[in-house]
Amino acid sequence: MANDAHAPAAPPKAAASHAAPAEAAKPAEAGHGAPAEAKAPEALAPSIHPLRRPAIHAASAVHKPAASGHARPASSHKPVSSHGNIKAHSAAAAGHGDAHDDGHGHDSEAGKVQNLVKAMLAANANYMKRNNSSYFDKFASKQTPRATVVTCADSRVQSNAFHPDAVNDLFMVRNIGNQLATSEGSIEYGVRHLNTPLLMFIGHAVCGAVAAASGDFSKLERPIQKELLTINIPKGINVNEGALMNVNNQVESAMLKFGGEVESGKLAVIGAFYDFRNDYKQGKGKLIITNINGETDPAKLAALSKAGNFFNAATGMSAAPAGGH
Ligand SMILES: [Zn+2]
């Protein structure tokens, strides 16, 4: 991955209220034909009210991103009683998988892995059965994604939440904190070599990376620190607000990096927030659009979204993305 010299322009200040480029301009509806692909969910601005206390426990946050509230009780169901000693049980499970079949078994690590690999192979066999050869032939020699999508690596954020079948349609880039800086090459590849007309950054509720970045992460491993340093948010900020701000920063950085593409109407840069906890009261699992090419004003976002105007307003938005589908 690129060395630091290639970092995207200066990391933007953590400012949510960034001047929207040429926003007001004209929502000219000229030719409407542009972004057929952005089946965007309703753009509704998240009300920026801290719904929870900052709850930032600095260094430990990254280790338990799910910790705020509803987390999976990972270790609480250890089958102590019936199997007696956990260690003895673990050893036994390692030898022959007597673990549960649900993929979230409560057995030893060995049992968990056995179950998971087995489940994955079974799922794959199923997938192969469900999709005939022509399904695979469509992309056998070439991929033709319509979007480069940058999400957090968080396991709760997956494309099936916002796409029926992302295969060959979403060029997915994942890292902690859904960042441009730490996956710059991959993102540039999507935008400049696969020519996706949409670049989307998706942050999410209770992001562990954001929580960690807003606290003291000096005790974490160096490589992790390195990936947190590029998340530019104030210390102590509420985690969801931090996630929203981080998305805005990513959009801003991307617009600097891909300024030519954005200006000429070849690239739309969208920021969104995946709210799987309903923290912003629009329903559990809602994908909320929070930024369109730098525009973050709720009313303007709603208007842009409604009009399907996802390209830079300055261009008149009629430039149709070339190629692709
Ligand atoms: Zn995250």
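This briefing describes the fold, the sheet, the packing and the confidence of one predicted model.

The chain contains ten helices and five strands, and 39% of its 325 residues count as buried. Contacts between residues 24 or more positions apart make up 70% of those with a separation of 6 or more. The five strands form an open, mixed sheet, and the largest nonpolar core has 57 residues.

**Confidence**

- The average pLDDT of the chain is 76, and 63% of the residues score at least 70.
- Over residues 1-101, pLDDT stays under 50; the model has 176 contacts beyond four places in sequence for this stretch.
- Over residues 315-325, pLDDT also stays under 50, and here the model has 28 contacts beyond four places in sequence.

- S3 and S4 run parallel and are joined by seven bridges. Within this pairing, leucine 198 has alanine 268 of S4 as its bridge partner, and glycine 203 stands opposite phenylalanine 273 in S4.
- S4 and S5 run antiparallel and are joined by six bridges. Alanine 272 stands opposite isoleucine 289 in S5.

- In the 57-residue core, the residues with the most contacts inside it are Met200, Ala209, Val210, Val269, Ile270 and Ala272.
- H8 supplies the largest share of this core, with eight residues.
- Methionine 200 touches Ala147, Val149, Val150, Ile270 and Ala272, leaving aside residues up to four places away in sequence.
- Nonpolar side chains tend to be buried together in soluble globular proteins.

**Helix H5**

- Helix H5 (residues 184-193) has four buried positions named here: Glu184, Ile187, Gly190 and Val191.
- Viewed down the axis of H5, these buried residues fall within an arc of 135 degrees, so they line one face of the helix.
- Residues three or four places apart point the same way, because an α-helix has 3.6 residues a turn.
- The exposed residues Gly185 and His193 are carried on the face of H5 turned away from its buried side.
- The cover over the buried residues of H5 includes strand S1 (147-152), strand S2 (170-175), strand S3 (198-204) and helix H9 (259-263).
- Asparagine 195, which follows H5, has a positive phi, near 55 degrees.

**Two individual positions**

- Leucine 198 is found in strand S3. This leucine 198 counts as buried because it has 24 C-beta neighbours inside 10 Å, and the cut-off for a buried residue is 20 or more.
- Between leucine 198 and proline 145 there are 9.6 Å in space, C-alpha to C-alpha, while the two are 53 residues apart in sequence.
- Serine 264 lies in the loop between H9 and strand S4 (268-275). With 13 C-beta neighbours inside 10 Å, serine 264 counts as partly exposed, since a residue counts as exposed at 12 or fewer and as buried at 20 or more.
- Serine 264 and phenylalanine 311 are 47 residues apart in sequence, and their C-alpha atoms are 9.0 Å apart in space.

Technical notes
Residues numbered from 1 in each chain as written. Predicted model: local features only at pLDDT ≥ 70, side-chain atom pairs only at ≥ 80, totals over all residues. pLDDT = per-residue confidence, 0-100. Contact = placed C-beta atoms within 7 Å. Helix = DSSP H or I, 4+ residues; strand = E, 2+ residues; numbered from the N terminus. Arc of directions from axis to C-beta. Pairing = 2+ DSSP bridges. Core = buried A, V, L, I, M, F, W, Y, C linked by C-beta atoms within 7 Å.
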